[in-house]
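Please open the structure in the viewer and follow the selections below in order. The tour begins at the ligand and then turns to helix packing.

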Amino acid sequence: MTPTVKANGAEIPAIGFGTWDLRGAGAVQAVKTALDVGYRHIDTAAMYANETQVGEAIRSHATPREEIFVTTKVWPSEAGDGPFQRSAEASLKRLQVDQVDLILIHWPSPTVSVGEQIRTLCDVKKRGYARHIGISNFSVEQVEESVRVADEPLVTNQIEHHPWIDQGAIFKACAKHGISVTSYSPIGKARRLDDPVIVGIANARRKTPAQIVLRWQIQQPMNIAIPRSSNPGRIAENFAIFDFTLTPEEMRRISALARP
Ligand code: NDP
């Protein structure tokens, strides 16, 4: 079983499969491969235009639906009372599920107040469309305001987080309220996996740089990582991180790569 993160009543598998940019038959195949190798958490969004394919992969797989944690997101163009609920309904239809495990506000809306956004998010939970609710790309101030307005628990803030970006302030704000962080682009889109610190630790441990970065992610409290790959070998590689532990010194060396 995948280790999980517990946050405000939710229990979320610490590694999820990201699906941004996976489309058509390739998306179905990638999600099936992820389920085959053991992922039990799939991250999609209305904006990814692949909910139909994600739903198809989940339905056709032998793993029971209730063992798979499914997250989707509502795009800011649909913010506000009415459009937000309709977007959630359309996501359920495309995914062909009665309920998702988690629904997120994908980005804060530039036009609708945080208060109204959070009230419609809570309404979607009350209607039973999602077991849990959360936010994505919310700043420290927006997290604080969301918590003040919400009458249902927020379980995660999905943000960009990898060794080369300092997200300490958001982690702190979320932890104060029992909210987990879901790290997107968790291996930094693979752009800096040749970093000497990462490569040095990977060589010493006979792991790949991506595995070192993902292990660093999940060893941080209240942190979930959702790597994406279209390649079956790398999908499996990114999940094979539960048989070793980084030392506190290795964790510190990786964390020291962060820049504001
Ligand atoms: P990731 O950090 O997951 O990197 C993905 C890239 O890394 C792909 O190009 C992939 O290529 C490559 N890659 C994957 N595994 C390996 C590996 N083991 N070794 C070398 N290269 C590898 O970036 P994403 O931006 O996709 O983030 C992950 C997920 O987070 C998204 O898919 C989406 O679900 C979510 N997300 C959410 C956002 C939000 O606003 N809430 C914004 C951005 C992402 P290949 O396919 O060839 O393996």
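Select Arg 228 together with the ligand: a polar side-chain atom of Arg 228 is 2.7 Å from a ligand oxygen atom, a polar contact being a pair of N or O atoms within 3.5 Å. The model is predicted, so local features need pLDDT of at least 70 and side-chain atom pairs count only at pLDDT 80 or more, while totals for chains, interfaces and linings use all residues. Residues are numbered from 1 along each chain as its sequence is written, and side-chain values use heavy atoms, with hydrogens and water left out.

Next, display the backbone of Trp 20, where a polar atom lies 2.9 Å from an oxygen atom of the ligand. At Pro 186, a polar backbone atom is 3.3 Å from a ligand oxygen atom.

Move to helices H7 (residues 196-205) and H8 (residues 209-218), whose axes are 8 Å apart and at an angle of about 100°. Helices are DSSP runs of H or I with at least four residues, numbered from the N terminus; axes are lines fitted to C-alpha atoms over the stretch in contact, with angles from 0 to 180 degrees between N-to-C directions. H7 is therefore roughly perpendicular to H8 (65 to 115 degrees). Show Ile 198, Val 199, Ile 201, Ala 202 and Arg 205 of H7, which meet Pro 209, Ile 212 and Val 213 of H8 (heavy atoms within 4.5 Å).

Methods. A polar contact is a pair of N or O atoms within 3.5 Å; within protein, one must be able to donate a hydrogen and the other to accept it, and residues adjacent in sequence count only if both atoms are side-chain atoms. Helices (H or I, at least four residues) and strands (E, at least two) are DSSP runs, numbered from the N terminus. Angles under 35 degrees count as roughly parallel, over 145 as roughly antiparallel, 65 to 115 as roughly perpendicular and the rest as oblique.
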